[in-house]
Amino acid sequence: MTDRMRIRLLILRVLVLSLLVTLGARLWVLQILDGERYRQVAETNRVREVVTPATRGMIVDDEGQPLVRNRTSLVISVNRSTIDRQADKGKAVLDRLATVIGAPLAELEQRVRFCSATVRAPCWNGSPYQPVPVAKDVTPAQALAVIEHPDRFPGVSADLQAVREYPNGGLAAHELGYLAPVSQDQLDKQGDEKGYHLNSLIGVSGLEYTYDDALRGADGVERLEVDRFGRVAGTASTTPPVSGDHLVLNLDLDVQRAAEEALARTLDSLGGGARSASAVVLDVRTGGVVALASLPSYDPSVFVGGVSQNDYAALSDPANGTPLLSRAFQGSAAAGSTFKVVSTAVAMQNMGATGDQTYDCAPTLQVGDQIFHNFDGSSAGPITLHQALVISCDVIFDKFAYDAWVADGGLRNGRGPYPEPKEYFIHMAEAMGFGRRTGIDLPGETAGSVVDREGAKKIWEELKDSYCRRAQNGYPEEPDPAKAERFRKYAAEACVDGYLYNAGAAVQFAIGQGQYLSASPLQLATAYAAIANGGTIYQPTLARATISPDGTKVKPIAPKVVGKLPVSPEILAYIRGGLSGVTTEGGGTATGVFADWPSDMVPVAGKTGTAEVEGKGDTSWFASFAPANDPQFAVVVSIPESGTGAEYAAPVAKEIYQALYGVGRPGALPGGKPPAELPKLSRDGTFSAASGTPAAPPGAAGTTAPGAALPGSVPTGTVPATLTGTGPTGVVLAGTAPPGTTAVSGTPGAGEQEARARGPTGPG
């Protein structure tokens, strides 16, 4: 053997020895060092989990009336781990079951198969050891056919399960929301944190989404031991389910019903098309949402057990009015003359106007080459701001806005630098909550828009290319040649100088018009509630408290203050006085609507509004609060493509007040106050209204609007539950106006139909 061969053998021996040492070390690590961990993994590998869903908590109104509850349903389920052991994989059993429940065999086979990347619904997305529900709401006879013949239906069971029920149909559907199966993405991101399982149902809309953690409770888990063939050999552990908490709302079912019914009657009278409408009722002392109505609505029960693709498409179709969208807090539009409370505050707080000065309510105001009109070019001559609110004079507020625009440098297109613009109207609107979300405890709220000079420039930079293309190519899709040419001229102007915040935009903003302002009914109600209560801005809140399943633990949801109006108490009192005159004084834009209203007992302060939309009908608005001398509720109504505020929105608001205070009908809230206490949970799991005299909730003290009571009003707490017949001091509740008022029969005031002039930019 040569030296070279000896070296090779030595290297080979060292290599073999190294491999043996490495293998031995690895075996030592696996069996000795990490042995316990791998034994636990192996143990876990032979345990399977079966989930028992927890009973979801109820959602009830302020008096304990159920809005969402659970009902029992007879459900037939198939256990795959049992039928798969049969020679035919359970086909004969499924065939017999299909005959019993009246379903095709192919459909049953689809329902019990497991979902995967290649197998789509219908299929089972839960645990292989979880019984698969194949038929819900079966008859007792069908259930007994399974229970009494276990030999014919091995692996098939029939039992009672809880399913979500909506006893009032589509009432408050947008607020309540619905459930849907958990998605794989949610399982991956939040499964461990929230205890989700493959077959979990979770809230995906409305209150069901916002308070899902409290309502859902904790699912029960049974850990089954299985052998290497997947057969169940025993039970390793069992964790019982824990029911979810109940949710008590500020919302009142009867007020909600009254609002939706009033809106529905108005839409029926308008007729035709996919019309929409909305209404908001807030407790001005707490921000509690007493009603939040939007039409068209939908029945949440369509989502129980899974919604079909056709049904979902219909609920999302704009041709049907997009029933899934709530116009009350997810839609926004120009607010019309209801916005004049903002402009009045600016004039008095920032521009030196006083309550006893008079201003010319001329028929027109010329700004450059644009002319802005009052309704029908009417003129009221020199009047105070109080009267300007009462008759809704546009020109006075137009002039304040124009003067502020000039003081800020006008177009600011010459040589600079310019001082920072004061933009009083913009800042007051933002301070009152416009242009940002209110924070209501519902998902998907719109922020609306308040556009200042800087924002206008940013919008122009985004749309400049579109404006310039339209200036060249026009609007061939517009059938009206005159309108198409007008749009083209708007686009041509915007292409060149659309970045300038022109006087027309500023003037229209002050009367709630134009492309630089949009607000939701909820935002407007929040602003009016703050004016009513003396300047406190509350976060609107639907939920009032959560209550444990046994009623022993109550978690109140306290009112939340989010801001204060930058307006003096004296100016707010002046504005409230002007709004009171809208429904009671001669020439008031809503005196015709409230001519037969018992203003001596429940004075209503409000403001009509008529917002114009290019190419569509006017949006009717009415924003209000009552009692005017000691405000409790704010009511806002919006009806797009209808007409003036006095003609459509104000009568709906009146019907809501009738329900609130029992005028000509039973009152929804005894004494015209929200319940002071939470409803009581009985031993049988149902709620009952708490006894006791209604009063302001804790923490609401000090929010009552300052100032003396209006003439002829009654002291707080004396409003009866129902007002019928003839009221005191000769107030007739039907047909005639109260003494000292003038009925106008719905005739709009000087500015009720807003200025027809348009800004220099058309559709982009």
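Q: Is Leu12 buried, exposed or partly exposed in this model?
A: In this predicted model, Leu12 is partly exposed, because its relative accessible area is 48%, which falls between the 20% limit for buried and the 50% limit for exposed.

Q: Where is Leu12 placed?
A: Leu12 is part of helix α1, which covers residues 3-33.

Q: And which residues make the nonpolar surface patch there?
A: Leu12 makes the patch together with Leu9, Leu15, Val16, Leu19 and Leu20. The area of this nonpolar patch is about 560 Å².

Q: Now a helix of another kind of setting. How many residues of α14 are buried?
A: Nine of the ten residues of helix α14, which spans 340-349, are buried, so the helix is mostly covered. Among them are Lys340, Ser343, Thr344 and Met348. Val341, Val342, Ala345, Val346 and Ala347 are also buried.

Q: Let us turn to disulfides. How many does the structure hold?
A: The structure holds two disulfides. One of them joins Cys361 to Cys393, with an S to S distance of 2.2 Å.

Q: Why is it called right-handed?
A: The disulfide of Cys361 and Cys393 is right-handed because the torsion about its S-S bond is about 115°.

Q: Are those two cysteines buried or exposed?
A: Cys361 is buried, with a relative accessible area of 0%. Cys393 is buried as well, and its relative accessible area is also 0%.

Q: Which cysteines form the other link?
A: Cys468 and Cys495 form a disulfide, and their sulfur atoms are 2.0 Å apart. The link of Cys468 and Cys495 is right-handed, with 90° about the S-S bond. Cys468 belongs to helix α18 (residues 453-473) and Cys495 to helix α19 (residues 481-497), so the pair links distant parts of the chain, 27 residues apart.

Q: What does His246 touch, leaving out residues up to four places away in sequence?
A: The residues that His246 touches include Gly57, Met58, Leu681 and Phe687. The stretch Ala545, Thr546, Ile547, Ser548 and Pro549 is also touched by His246. Ile547 is 301 residues from His246 in sequence, yet the two are 5.1 Å apart in space, C-alpha to C-alpha.

Q: How about the protein overall: how many helices and strands are there?
A: The protein has 23 helices and 27 strands. Of its 764 residues, 49% are buried. Among contacts between residues at least 6 apart in sequence, 72% join residues at least 24 apart.

Q: And what is the accessible surface?
A: The accessible surface of the protein comes to about 34000 Å², and 54% of this belongs to carbon and sulfur atoms.

Q: Last one: what is the mean pLDDT?
A: The mean pLDDT is 85, and 87% of the residues reach 70 or more. Over residues 692-764, however, the pLDDT is below 50. That stretch has 184 contacts in the model beyond near neighbours in sequence.

Methods. Residues are numbered from 1 along each chain as its sequence is written. This is a predicted model: local features need pLDDT of at least 70, side-chain atom pairs count only at pLDDT 80 or more; totals for chains, interfaces and linings use all residues. Side-chain values use heavy atoms; hydrogens and water are left out. Patches are made of residues with over 30% relative accessible area and no salt bridge: like charges are joined within 9 Å, nonpolar side chains (Val, Leu, Ile, Met, Phe, Trp, Tyr) within 5 Å. Accessible areas come from the Shrake-Rupley method with a 1.4 Å probe; for residues, only the protein chains shown count as cover. A salt bridge is a side-chain nitrogen of Lys or Arg within 4 Å of a carboxyl oxygen of Asp or Glu. Helices (H or I, at least four residues) and strands (E, at least two) are DSSP runs, numbered from the N terminus. Buried means under 20% relative accessible area, exposed over 50%, partly exposed in between (1.4 Å probe, protein chains only). pLDDT is the predictor's confidence in each residue, from 0 to 100. Contact means heavy atoms within 4.5 Å. A disulfide is a pair of cysteine sulfur atoms within 2.5 Å.
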